[in-house]
Amino acid sequence: MTRSLFSPLVRCQPSVVDMPGVSTVEVHLFAAARAAVGEGIVMVQPGTLESVLEDLCTRFPSFTAVRPRCSYLLDEVSCVDLHAVIAGGSRIDVLPPFAGG
């Protein structure tokens with residue numbers, strides 16, 4: 001059975017255990033999100049998905065226009081829960097629609 005990362009039934013599992021010695025979260029930005037931020041990878045503080053996205057909007061105001069269209073992966077799993085806990089050492093992928101979709 002193949003599991004789709006973009007299935008609406010797949011919910012993120014919060015990363016509740018910080019990785020020892022790692023106090024930041026890696027945010028990987030693609031396509032329009034990368035263009036809005038001007039970087040492909042940004043380091044942020046752990047928190048919730050909402051706080052990470054707010055931090056990006058504060059640091060990179062042009063990201064605010066792209067944010068509503070994006071979907072997110074937390075450690076390679078689709079995440080739609082803005083209250084999901086993002087622990088240090090986690091990775092978030094920010095995926096705007098590709099090719100007009």
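What is the accessible surface of the protein, and what share of it belongs to carbon and sulfur atoms? The accessible surface comes to about 5,800 Å². Carbon and sulfur atoms hold 59% of that area. The model is predicted. Comments follow, point by point.

1. **Confidence.** The average pLDDT is 85. Of the residues, 75% score at least 70. Where pLDDT is low, predicted coordinates should not be read in detail.

2. **Layout.** The protein has three helices and seven strands. Read from the N terminus, the order is β-α-β-β-α-α-β-β-β-β. Buried residues account for 40% of the 101 residues. Take the contacts between residues at least 6 apart in sequence. Of these, 62% join residues at least 24 apart.

3. Leu-95 lies in strand E7. Leu-95 is buried, at 11% relative accessible area.

4. **Nonpolar core.** The largest nonpolar core holds 24 residues. Val-27, Leu-29, Leu-56, Phe-63, Ile-92 and Val-94 have the most contacts inside it. Seven elements are listed as giving two or more residues to this core: strands E1 (25–29), E2 (41–44), E4 (71–74) and E7 (91–95), and helices H1 (31–37), H2 (49–59) and H3 (63–66). Helix H2 gives the most, with five residues. As a general matter, nonpolar side chains in soluble globular proteins tend to be buried together.

5. **Leu-56 in the core.** Which residues does Leu-56 touch, not counting those up to four places away in sequence? The answer is Val-27, Val-42, Val-44 and Phe-63. Leu-56, Val-27 and Phe-63 are also among the core residues with the most contacts.

6. **Salt bridges, overall.** The whole structure has four salt bridges. Glu-50, Glu-54 and Arg-67 are linked in a network of them. The next three points take individual pairs.

7. **Glu-54 and Arg-67.** The closest N and O atoms of this salt bridge are 2.7 Å apart. The pair links distant parts of the chain, 13 residues apart. Glu-54 is in helix H2, while Arg-67 is in the loop between H3 and E4. Are the two partners buried or exposed? Arg-67 is buried, at 16% relative accessible area. Glu-54 is partly exposed, at 37%.

8. **Asp-55 and Arg-59.** This salt bridge has its closest N and O atoms 3.5 Å apart. Both residues belong to helix H2. They are four residues apart, so about one helical turn separates them. Arg-59 is partly exposed, with a relative accessible area of 40%. Asp-55 is also partly exposed, at 25%.

9. **Arg-91 and Asp-93.** Here the closest N and O atoms of the salt bridge are 2.8 Å apart. Asp-93 has 6% relative accessibility, so Asp-93 counts as buried. Arg-91 counts as partly exposed, at 32%.

10. **Cysteines.** How many disulfides are there? The count is zero. For Cys-57, the nearest cysteine sulfur is that of Cys-70, 9.4 Å away. A disulfide needs the two sulfur atoms within 2.5 Å, so Cys-57 is in no disulfide. Cys-70 is in no disulfide either, with the sulfur of Cys-57 as its nearest. Cys-57 is buried, at 12% relative accessibility. Cys-70 is buried too, at 11%.

11. **Reading the model.** Two stretches call for caution.

Conventions
Residues are numbered from 1 along each chain as its sequence is written. This is a predicted model: local features need pLDDT of at least 70, side-chain atom pairs count only at pLDDT 80 or more; totals for chains, interfaces and linings use all residues. Side-chain values use heavy atoms; hydrogens and water are left out. Buried means under 20% relative accessible area, exposed over 50%, partly exposed in between (1.4 Å probe, protein chains only). Contact means heavy atoms within 4.5 Å. Accessible areas come from the Shrake-Rupley method with a 1.4 Å probe; for residues, only the protein chains shown count as cover. A nonpolar core is a set of buried Ala, Val, Leu, Ile, Met, Phe, Trp, Tyr and Cys residues joined through side-chain atoms within 4.5 Å. pLDDT is the predictor's confidence in each residue, from 0 to 100. A salt bridge is a side-chain nitrogen of Lys or Arg within 4 Å of a carboxyl oxygen of Asp or Glu.
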